[in-house]
Amino acid sequence: MLLHAKESVRKMHSVAKNYFVSDLTHPPRSLNRASRHIVPFKARLFTQCSLEARSVDQEIVIAMGSNVGDRVSTFNRALQLMKSSGVNITRHACLYETAPAYVTDQPRFLNSAIRGTTRLGPHELLKMLKEIEKDIGRTGGIRYGPRPIDLDILLYGNSQIHSETLIVPHERIHERSFVLAPLVDLLGASGDDGIETSWHSLSKCSGGFFELWNKLGGESIIGTESIKRVLPVGDCLLDWCERTLVMGVLNLTPDSFSDGGKFQQVEAAISQAKLLISEGAAIIDIGAQSTRPFAKRLSPNEELERLVPVLDEITKIPEMEGKLLSVDTFYAEVANEAVKRGAHMINDVSAGQLDPRILKVAAELGVPYVAMHMRGDPSTMQSEQNLHYDNVCKEVALELYTRVREAELSGIPLWRLVLDPGIGFSKKSGHNLEVIMGLESIRREMGKMSIGASHVPILLGPSRKRFLGEICNRANPVERDVATVAAVTAGILNGANIVRVHNAGYGADAAKVCDALRKGRSCKN
């Protein structure tokens, strides 16, 4: 029936200029196993007018590619233009740097994709995307050649479209890893989403897009020269699978649990930053507000009074060349000022819960955003209610994912997110151990809702925490560095990509050993 319908359209197209659209009926409940089969679908004919008249939102997937100019800035502009032109972006894929295909003598590409909704008809949407490409600077050129931006409609509702100007699903999805990787990111592994099962059926493969992706190598090719997941930060694209990154802690507070009062003076803080860098820290995380249990909360102005003098000086030291600065704050105002003064990323222990404005600020600033799991605030996080879990890894994953969704809807692309399961925050000692050993479980739980979210970098911060003191009978936090190494090692081997430590030398050594143990294996996260 489908082939007959296609043939009918070919014959009628030159006269009536109708469009071929297939609507799925009775989609399968799940496509997690290759044994699942595609349910037949009916072919129906629509005129262009009827196809364009959309009274309800249609879920869409749009692929993005760029290999000319400032690729990240181009993506940012494309996102903004799509949002202002009738596309409500609800999800983002990870960001990939890929080798050029077909025409190989050209620069490497950045690729990603977005999922969203629109009331634009498919050809209206196509026209709008072409206008955005033109606005950004795309002109005619060789096919598959260099381009500042490429925007393609991969999927439109549950429809299959074949016209002179538009084919949906995109006809070359099955052969392009740089398209399939971000497309799969936008799906969940649970198979519970109706539109996703329809999309899988459109893949014409019994295992859906997951099977197509696996046929091209799937996760085994990530981290190779052909395709890498990257985090845009500072002036670089960070491949967090290449090596574990060490984040050195620089507390400017008088009351932090470990080193409160030691680095309040600018000179002492700068000296500590230099030490952390010399010992192997790739990132310096500067915090001017204590988040230990029951710590007194400062106002944004009080926090800035501590932070700004150090931040202004630390950006001047030559040791910071090639290193990254992170600001540890949950205030939007502090984050905004810190980034303007040279910070490269925001580390928020509340994931936007203590000051929701920080999500919009982070989106506007265009810097990586660390979202940490915590229930309540530092004054309530250790309450009996906040310490109750039936399954800590599953619940941390679910609660973190709600913050991921909020961040994305606020305009922070998934490719700028880093997740922290919050060791020592709203957790008992046993919970902390379960989380450290269960990072892969947390990723799997996230993957049920969003494959992309399961792939983002994980930051782990067990350094000198109380649970280590309880296990090793070390009351003095400074004496917990060896225990920290053990916790960091376990975390890295279970999937952590960034470790936040007070003793950068010990942390760097642990990271190097773990990376050596994993050498030769492609990054599976």
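Accessible areas here come from the Shrake-Rupley method with a 1.4 Å probe, and for residues only the protein chains shown count as cover. On that basis the chain exposes about 21900 Å², with carbon and sulfur atoms supplying 51% of it. This is a predicted model, so local features need pLDDT of at least 70, side-chain atom pairs count only at pLDDT 80 or more, and totals for chains, interfaces and linings use all residues. Residues are numbered from 1 along each chain as its sequence is written, and side-chain values use heavy atoms, with hydrogens and water left out.

**Overall picture**

The secondary structure comes to 17 helices and 19 strands; these are DSSP runs, H or I of at least four residues for helices and E of at least two for strands, numbered from the N terminus. Of the 525 residues in the chain, 59% are buried, where buried means under 20% relative accessible area, exposed means over 50%, and partly exposed is in between (1.4 Å probe, protein chains only). Take contact to mean heavy atoms within 4.5 Å. Among contacts between residues at least 6 apart in sequence, 71% join residues at least 24 apart.

**Salt bridges**

The structure holds 31 salt bridges, each one a side-chain nitrogen of Lys or Arg within 4 Å of a carboxyl oxygen of Asp or Glu. Here are some of them:

| Pair | N to O distance |
|---|---|
| Arg 138 and Glu 133 | 3.4 Å |
| Arg 474 and Glu 479 | 3.9 Å |
| Glu 219 and Arg 229 | 2.6 Å |

Glu 219 sits in the loop between helix H7 (208-215) and strand E10 (227-233) while Arg 229 is in strand E10, so this pair ties together parts that are 10 residues apart in sequence. Arg 229 is buried, at 2% relative accessible area. In the Arg 138 pair, Arg 138 is partly exposed at 26%, whereas Glu 133 is buried at 4%. Arg 474 counts as partly exposed at 40% relative accessibility, and Glu 479 also counts as partly exposed, at 44%. Elsewhere, salt bridges with shared partners join Glu 59, Arg 91, Arg 115, Asp 193 and Glu 196 into one network.

**Around Lys 228**

Strand E10 also holds Lys 228, which is buried with a relative accessible area of 12%. Not counting residues up to four places away in sequence, Lys 228 touches Leu 95, Tyr 96, Glu 97, Gly 223, Asp 239 and Glu 242. Its side chain is joined to that of Glu 225 by a polar contact of 3.1 Å. A polar contact is a pair of N or O atoms within 3.5 Å; within protein, one must be able to donate a hydrogen and the other to accept it, and residues adjacent in sequence count only if both atoms are side-chain atoms. Lys 228 and Cys 241 are 13 residues apart in sequence, and their C-alpha atoms are 8.5 Å apart in space.

On the cysteine side, a search of the whole structure finds 0 disulfides, a disulfide being a pair of cysteine sulfur atoms within 2.5 Å. Cys 236 is partly exposed at 35% relative accessible area, while Cys 393 is buried at 7%.

Ala 511 belongs to helix H17 (residues 504-517) and is buried, with a relative accessible area of 3%. Leaving out residues up to four places away in sequence, Ala 511 touches Thr 244, Val 246 and Ile 492.

Leu 493 is in helix H16 (residues 481-493) and counts as partly exposed at 43% relative accessibility. Together with Val 513 and Leu 517, Leu 493 makes a nonpolar surface patch of about 280 Å². Patches are built from residues with over 30% relative accessible area and no salt bridge, joining like charges within 9 Å and nonpolar side chains (Val, Leu, Ile, Met, Phe, Trp, Tyr) within 5 Å.

Most residues other than glycine have a negative phi, and most peptide bonds are trans. The peptide bond from Val 168 to Pro 169, though, is cis, with omega near 0 degrees. Pro 169 lies in the loop between strand E9 (167-168) and helix H5 (177-185).

Ser 426 has a positive phi of about 60 degrees although it is not a glycine. Ser 426 is in the loop between strand E17 (417-420) and helix H13 (429-437), and at 0% relative accessibility Ser 426 counts as buried. Arg 464 has a positive phi too, near 60 degrees. Its loop runs between strand E18 (459-460) and helix H15 (466-472), and Arg 464 counts as buried at 9%.
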